[in-house]
Amino acid sequence: MSLPLESVAALRAQLRAGEIRPRDIVAAIRERVEAHNPALNAYVHTDWDAACAEADRADIALPLGGIPVAIKDVIAVRGQPCTCGSGILQGHRSIYDATVIRKLRGAGAIPAGRVNMDEFAMGSSNENSYYGPCRNPWDTSRAPGGSSGGSAAAVAGGLAVVALGSDTGGSIRQPASFCGCVGLKPTYGRVSRFGLVAFASSLDQIGPLAHNVEDAALILGAISGHDPSDCTSVDRPVPDFAASLEGGVKGLKFGVPKEYFIPGMDPAVERAVRGAIDHLAREGAEIIDISLPHTEYAIASYYIIAPAEASSNLARFDGVRYGHRAKDPADVIDCYARTRREGFGSEVKRRILLGTYVLSSGYYDAYYLRAQKVRTLIRRDFDRAFASCDAILTPTAPSPAFRLGEKLDDPISMYLGDVFTIAVNMAGTCGISVPCGFADEGGGRLPIGLQIIGRPFGESTILRAAHHYERTTPWHRERPPI
Amino acid sequence: MKTDYEPVIGLEVHCQVRTRSKMFCGCRTGFGESPNALTCPVCLGHPGVLPVPNREAIVRTIQTGLLLGCQIDEYCKFDRKNYFYPDMPKNYQISQYDMPLCRGGGVTLDRFSFPKDAQDSPEASARKRVHLTRIHLEEDVAKSTHFDTTSGIDFNRAGTPLMEIVTEADIASPEEAFAFLTALRLILVQAGVSDADMEKGQLRCDCNVSVRPRGQKAFGTKCEIKNMNSISGVRRALAYEIARQIEVVSAGGRITQETRRWDDDIGQTSTMRSKEEAHDYRYFPDPDLMPIRTTDGLLEEARARLIELPGARADRYTRDLGVTEYDASVLASDPHLARFFEAAASGASNPKGIANFLLNDLLSALASSEKALSECPVQPADLRELVGLIDAGRINSKQAKEVFREMFETGAAPAAIVRAKGLEQVSDTGAIEALARQVIGAHPGPVQDVRDGKASALNFLTGQVMKLSKGKANPKLASEIIARMIKGDPLVR
Amino acid sequence: MGKVEIDVAYVAHLARLELNDGEAEAFQGQLDGVLGHIAALGRLDLEGIEPTAHAAPIHNVFRADEPRESVPESDALANAPLAANGLFITPKIVE
Ligand SMILES: [Mg+2]
Ligand SMILES: [Zn+2]
């Protein structure tokens, strides 16, 4: 029997009608994974027996009762490996559940399988993984994006119903754009970070990747809310996101920032995004020109703040309490230095060095403090913009999926690819990427994403806009060739 | 010509804040549990965990700051101090860098905080104030045990709230350092903010010490001494180190800046780390923790818990209650004793006498029966009454001791005991005169001796009167009456 | 923010990170390039601008001083590369 794995609503209907059992969904996912994971390398760990056992206990009356969720390898699930795509955490199993996992379980969902990622969420291609690159289901010679590449590829390739990812500078939205699925980065503080292995603490947020906007809304609703275990989580009521999807775009005012349509951007991306904007206008939305003048400084300040925080966050990986330890260390310092040399990949080392440098004696004011001030300017840009519009429309990424290996030795060009997503993290607000067209590349087709940026805690508005866009366009129904 | 050198000392005191749970997680704080029994993903620094600050530790730190006269800023924050060490679960310590909870303040050194052998020195009566730079709140590290080729780490202590109290380079002698630590410890314990038990590692102290020719402004090169586990150890270590530095410098040598370890058994400091690695802690605000606004309830709560400092209390006892300086310092140094004393002295005409009886008779009775003050069978009001009976001349001091013994055994009120035992001292002049007449008639020899000016003979006759009265006569009165009668007071015959 | 060159060896030591052969040179060039890009921030006038450390302007987020169960010893030591007698074992720490 073929199950409607691309829709939580459809699966719930069948579950409630008694046509299928939760373990049938797990079995169907397993079948897809066994068939296609060798080509995609989206999952890095699975335990189907445990997932089936959990499925058998699932209460299908709950909002996500019996729905399996693929988990990015950076979120702790008790008893499961949590390796962050890194060699340094090989063999590590979490001894506790992340808050989002507790919440998902509370809603009846089953954390099923751990998906690939750039090591410690550092990267935009999923090539920086101990497990090797994950591949884009639309073209396996291309990157799925990153760092939540495994989450996006699993969903887009039909290897997962929905997935959790994490987004520090675009790590949910950019892979969603590259793989042709929906990816939402919630407002900072909306979703608890407890149990999310920190990359850059002041920027990280967990969010859903899904086949459609409704599923993303359902998952977001399940994982949102104040958590006393996370001081940065905000005590604010969680709206019923799924219920606020209807309502269309009439009366909504969208801002289009001139800084986001830059020379050198891929013409197919520009065409698709302009097309989406025109479409929303035809659907009754009002479109206005806006400016986010400090956009050009977002990447520079991000590449101070994120590595600085990361250099400190990753200091705990030292081979003392868990994870890899170098053999026969001469002394403690040798043990640390070799453990970390052997355990970390190049990109992680690069960022640790950069972050250590910008915090080191005499440089704090010139780098970290300065970057935090720039962050203030970026936030003000958004505040000013949201005084005149309800949401902002931009491309998610300047290009469709690039080839694996293409940017590997050029970190700057890789970093510049995050130009449209990073400012959202710096401002701490929310953004969603939805499929808005395709680029024709060498006989194949590559998805393109439209980013809709919302006010802080304005997820309902961007979900509603994205849902209307999705309902009135064909893009999300397209399936990759695998 | 021999140059005269003076030491310059500054202290960094780490003190565990008394809380039930750790600073950033819910694990119990405790001592003596089996290794790693008091740990969780947070205090083990597992991937993905986040800290949540213990409000109580913050209030107690502010409380300490208020007691020590510190300035409490409206905004404070937590920072990360980054350095690698196996006893630190995250390889950074959550601490406070440029916005600590408390700034400034100080501790006044009272005479009785000095070591006994130094209490009569001029510096002990100078009432010097040692100034503080700051007090900040951080998390304690784990405990390491060292074996032949390995070390073992127990994270039970890791994450215990820790106040770091930093003094200015204000301390001029090992004795002042001793007095500072004694006075500080007393305040911390009395305020209930810390148990400050040095043996349990709840109070730890690092000393920075240098010497310079007396009169010179510039500081000499300093050394840091670690590993002292008693206040007297600090004094000994400083004395040794100061002598060592003076010897080096006066021989024309140079002090190398280094960290030295104190070995209390052999009484010497020795080099611990000579090539001091340049510290580069890469402090930055901890992004996992929100800023602290002290005016939002915290200060208010800390203020409500303020206690009278022992020094101020002792001053009040001497000034307002006439208690001797020594007795006042003893009473003020123990909050339970002070509370008992104040209850007993309330409304009393002779607080000084109460203090005296309390510190001598009551404390020794408690000691010999191995009872704590809280188990004392004698109530403060009864002690007041007993001293009142003595002062009124209704019982003499010998009788008072007997009454007290009975009070301590039975818990009965002194008046009742005096009545039951028929102990009431006879101060009735007529009754004593009758006895005195009897004694004078019976002992003509001693009577003549009194006339000849022999004081011991008067004591003998008084003793005879006491004997006849079965000890109830007021001895002072009896002695006066005998003397008057022998001198031929016409009223007698 | 003028022309900066990162001292890779010093920074790597601070980060307790030994580098593989060739990494030091590769990182040197790449990080100098990134720092060159970052230097663009030097163009901004940031006089009087408050730094943003947190996305949400909230303060005083605490917990009450209530003890909670610790984890069983088996969990605490479950991932330890080396443990004995309930302790995590490291190479000898020389102070
Ligand atoms: Mg400290
Ligand atoms: Zn704990």
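**Exercise 1.** Find how many salt bridges and how many residue pairs in polar contact join chain B and chain C.

Step 1: for polar contacts, 23 residue pairs turn up across the interface of chain B and chain C, both residues at pLDDT 80 or more. A polar contact pairs N or O atoms within 3.5 Å; within protein, one must be able to donate a hydrogen and the other to accept it, and residues adjacent in sequence count only if both atoms are side-chain atoms.

Step 2: on the side of chain B that touches chain C, strand E9 of chain B gives the largest share, five residues. Strands (E, at least two residues) and helices (H or I, at least four) are DSSP runs numbered from the N terminus.

This is a predicted model, in which local features need pLDDT of at least 70, side-chain atom pairs count only at pLDDT 80 or more, and totals for chains, interfaces and linings use all residues. Residues are numbered from 1 along each chain as its sequence is written, chains are lettered from A and ligands numbered from 1 in the order written, and side-chain values use heavy atoms, leaving out hydrogens and water.

**Exercise 2.** Work out how much area chain B and chain C bury between them, and which residues supply it.

*Solution.* Step 1: the contact (heavy atoms within 4.5 Å) takes 54 residues from chain B and 34 from chain C.

Step 1: about 3800 Å² is buried, with carbon and sulfur atoms giving 57%; buried area is the accessible area (1.4 Å probe) that two parts lose on being put together, summed over both.

Step 2: B:Arg20, B:Phe84 and B:Met290 supply 14% of the area that chain B buries against chain C, more than any other three residues.
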